Amino acid sequence: MVQITLPDGSSKAFAQPVSVAEVAASIGPGLAKATLAGAVDGRLVDASHRIEQDASLRIITARDEEGLDLIRHSTAHLMAQAVKRLFPETQVTIGPVIENGFYYDFARKEPFRPEDLESIEREMARIVDEDLPVSRQVMDRDEAVAFFQGQGEEYKARIIADIPAEETISLYRQGDFIDLCRGPHIPSTGKLGAFKLTKLAGAYWRGDARNEMLQRIYGTAWPDKKQLKAFLKRLEEAEKRDHRRLGKQLDLFRFQDDAPGAVFWLPRGWTLFRQLIEYMRERQDEAGYVEVNTPDVMDRSLWETSGHWQNYHEHMFTTQTEDERVFALKPMNCPGSVSVYKHGLKSYRDLPIRMAEFGKVHRYEPSGALHGLMRVRHFTQDDAHIYCTEEQMEEECRKVIELNLSVYRDFGFEDVRLKFADRPDNRIGDDATWDKLEGALKGAIDAMGLEYTHNPGEGAFYGPKIEFVLRDAIGRDWQCGTLQVDLNLPERFDATYRTADGGEARPVMLHRALFGSLERFAGILIEHYSGNLPLWLAPVQVVVMNITDAQADWVGEVVSDLRRRGFRVEADLRNEKIGYKIRGRTLEKIPYLLIVGDREVEQRQVAVRLRDGTDIGAMDLDALGERLSGEVARRGPIGDNGQR
RNA sequence: GCCCACGUAGCUCAGGCGGUAGAGCACUCCCUUGGUAAGGGAGAGGUCACUGGUUCGAGUCCAGUCGUGGGCACCA
C-alpha cells in the first residue's frame, strides 16, 4: 500500500508502487497530459518515476516554475539531438538552462553557420512531431565512460570523471540520442515546441580561456507559442531603448573607428554629462567634500610605487617622450589623490578629509569587452577618497551609503541592492585589521538597517568592499557604486597624520564612487528612461515654435525669458507646418513644446504640449516657469506629465 | 584576447551569376504662412572601412588589417 499526499492535503492510496504519471492519470486525463514531472517529497523526478513508499507529491506542469525550467532543459537536449542527426561528427558537452532559455556547447571542427540554426530548428520540429519517449537509465561509472568513449564523446567521458563518486550516473535516451544527464526530463519530445534558436557564439570549455573554444548555440523556450512571441516582442522593445541606438537618434554621442572605446560627446549628450557632474558637485559640497584635480599622465615611478605598474601594466596606456621618460595615463585616480594628501603635514584635526575628483581614467580594456558607453577605455569617475582615523571609519562609511542611496533616488532608482565582499584568500594585512575593517563596513550597513547580500572572499586584496547594484526600469541590474577600504596605498605612499599625542599614524583610506563611470551611468540613464530623460536632465528642455512668421518676435522673447530663468530652450522658426515641427521635436523627446500663434502673442502666452502628446493649454511665462522649476527640483522618477 | 557575423550618403537600408552605385529620411534652395506627429517641387551629397591580390574590369571574389555587433574570457 502506497499513500500519496497531494499539495491540497488530500491523499490517495495505491495498492502497488505507482508512477507520477499514473497518479496524475488517476486524477484526470487533462492533468495526465499536462504532466511533465513530479516533486516527490520535494525532490524533482521524472513522470515515469515509480514511488515505492508513502510520499507527498506535487505534479509539475508547464505552469510551474520548475516546469518551465524542465521545458528549457529538455529543449536543450532536443537541440543536441537535432545537431547530432544533422552533423554526426559533432561532440556534445553541456547544455544548461539559463534565464529565458538554454544553451548547448558543441565541439566540432567546422563552425556552425547562421543558416545552420534554421535547419537545426526544422530538425527539432521533426523530432517533436515524432513524439519520442524520453527514458532514464542508470549506469555505473566505468560502463558510462566506456559507453561515451565508444560513441566518440570524449567530453562526456571527461564530465563523468568529475561527477562525485557517490552520485549515480544517469543517462537519458530519446530515440537514437543518448545524453548524460542528471534530469529530470519531460516524458516525451512531443511536449515541446515553442522554441527559437537565438544566437551562435564561441565559449571556452569549462569557461577557461586557456582551454579550447567550443561552439555554443543559444535558444529560448516557452510552454506555448504565445509566450514565446511575447518574449521575442520584449527583446525588440529592449532593443529600442538601447543607448547606442538612442545616442545616435538623439544626437547625444558617437564613436569613431580611430578611437575605439572612446566617446565623442555631442552638444546634447555633453549637456547631460554636465548635469551629472554639476549635480554631484552640489551634493558633495553639501556633504563636506573638497574637490581636486590631478594629472592624467604621470611618471612610471609613481605607478611603481602604487603597484599598478607591476600588476596592471598590460591594461595601461603608456607614452614615451623624446627624453625617453616613460609615463602612464592614469588608470585610477587614487595615486594622484594620495599625492595630494601627502602634500603638507596632516593633523588628526584635519581628518576626515573627503577628497573628490572627477578624474578621467584610461584603461586598455580587451577589444572584445568594449560595448557602447557601458564599457569604454576612457571614462570619467565620480571618484573620492576619504582619509580618516579608524574611529571615524564607520561613521564615514555610513555617510557614504546614505549619500549614495539618496543620489540614486534622485535618478529614479528606488531598487538598490548592497553586496558586501569580505576578505579573499590572497590578501595583505593581518586578521585583526581585517576584523576591524569588515566590522566597520558591516556596522555601517547594520546601523542603517539595510539588507545586503554577502559575497564571501570577493573583497579586494587590499580591503573589503560594498557594491551598489541598481535595478532599472526593465529589471536589469547595474553595478555602479562601490565603497572600499584600502590598507595598501596609505602604506605604499607612506601617508601619515600627526596624532594628538604628537606621534604619527596611518590614515584609513576609503575609496568611493556613486556613478562609477559617468559615461556608463549616462548610458544606464538613457536606457532606464528609454531616452525620455526627466526635465532636469533633458539636454533641451523646451522648444518654442511659431505657427507663422508673424509670431517670430514673441518666440524670441519667450526663449530669452526662459533662458534667463535658467532653462535650456531652443526656438524652431523653420518655415514648416506646425504638425511637422511637433512631430520632429517629439521624436527628439523634448519634454516641453511651446506653440505660439496669433492668439498666444495677443495674450502674451504660450500653448504647452508635453512630449507624450498631452495638451495642457495656454499659460503665461510666470506660470510655466513655476511649473518647470517645480519639475526640475523634484528630479526622481518622473513621468511625462510631471507626476511621480 | 578568442569564436561567429557584419562594415554602401549624416541616419535607416537596396544593390540575382564581377561591367566604375540607388531609395526613404535628414540637409540646401524655391513655392506654400499652414493651429498640435510628415504640404509640394528642385538640388546637393558616396575613394562602397582600409591594404594587398585574382581579373580586361572588383561594393561584388580571395587574403590581411582596423572597426562594430552577439557571445566567451576579462573588468584592479
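Me: What makes strand 1 (residues 2–5) and strand 7 (residues 55–60) count as paired in this predicted model?

Reply: Strand 1 and strand 7 are joined in the parallel sense over two bridges, and since the criterion asks for at least two bridges between two strands, the pair qualifies, with threonine 5 standing opposite serine 56 of strand 7.

Me: Which sense of pairing links strand 4 (residues 37–40) to strand 7, and over how many bridges?

Reply: Strand 4 pairs with strand 7 in the antiparallel sense over four bridges, and glycine 38 is the residue that faces isoleucine 59 in strand 7.

Me: Why are strand 19 and strand 20 called edge strands?

Reply: The sheet in question is an open one of three strands in the order 19-21-20, with antiparallel pairing. Strand 19 (297–299) and strand 20 (318–320) are its edges, each pairing on one side only. Neighbouring strands of this sheet are turned against each other by 35° on average, with direction ignored.

Me: How do you know that strand 19 is paired with strand 21 (residues 326–329)?

Reply: Three bridges join strand 19 to strand 21, and the two run antiparallel; the requirement is at least two bridges, so the pairing holds. Within this pair, methionine 298 stands opposite alanine 328 of strand 21.

Me: What makes the approach of aspartate 224 to lysine 226 a polar contact?

Reply: At the start of helix 7, a side-chain oxygen of aspartate 224 comes to within 3.1 Å of the backbone nitrogen of lysine 226; the limit for a pair of N or O atoms is 3.5 Å, so this pair falls inside it.

Me: How many helices and strands does chain A have, and what box do its C-alpha atoms fill?

Reply: The secondary structure of chain A comprises 20 helices and 35 strands, and its C-alpha atoms fill a box of roughly 85 × 75 × 60 Å along the principal axes.

Conventions: Residues are numbered from 1 along each chain as its sequence is written. Chains are lettered from A and ligands numbered from 1 in the order in which they are written. This is a predicted model: local features need pLDDT of at least 70, side-chain atom pairs count only at pLDDT 80 or more; totals for chains, interfaces and linings use all residues. Side-chain values use heavy atoms; hydrogens and water are left out. A polar contact is a pair of N or O atoms within 3.5 Å; within protein, one must be able to donate a hydrogen and the other to accept it, and residues adjacent in sequence count only if both atoms are side-chain atoms. Axes are lines fitted to C-alpha atoms, for helices over the stretch in contact, and angles run from 0 to 180 degrees between N-to-C directions.
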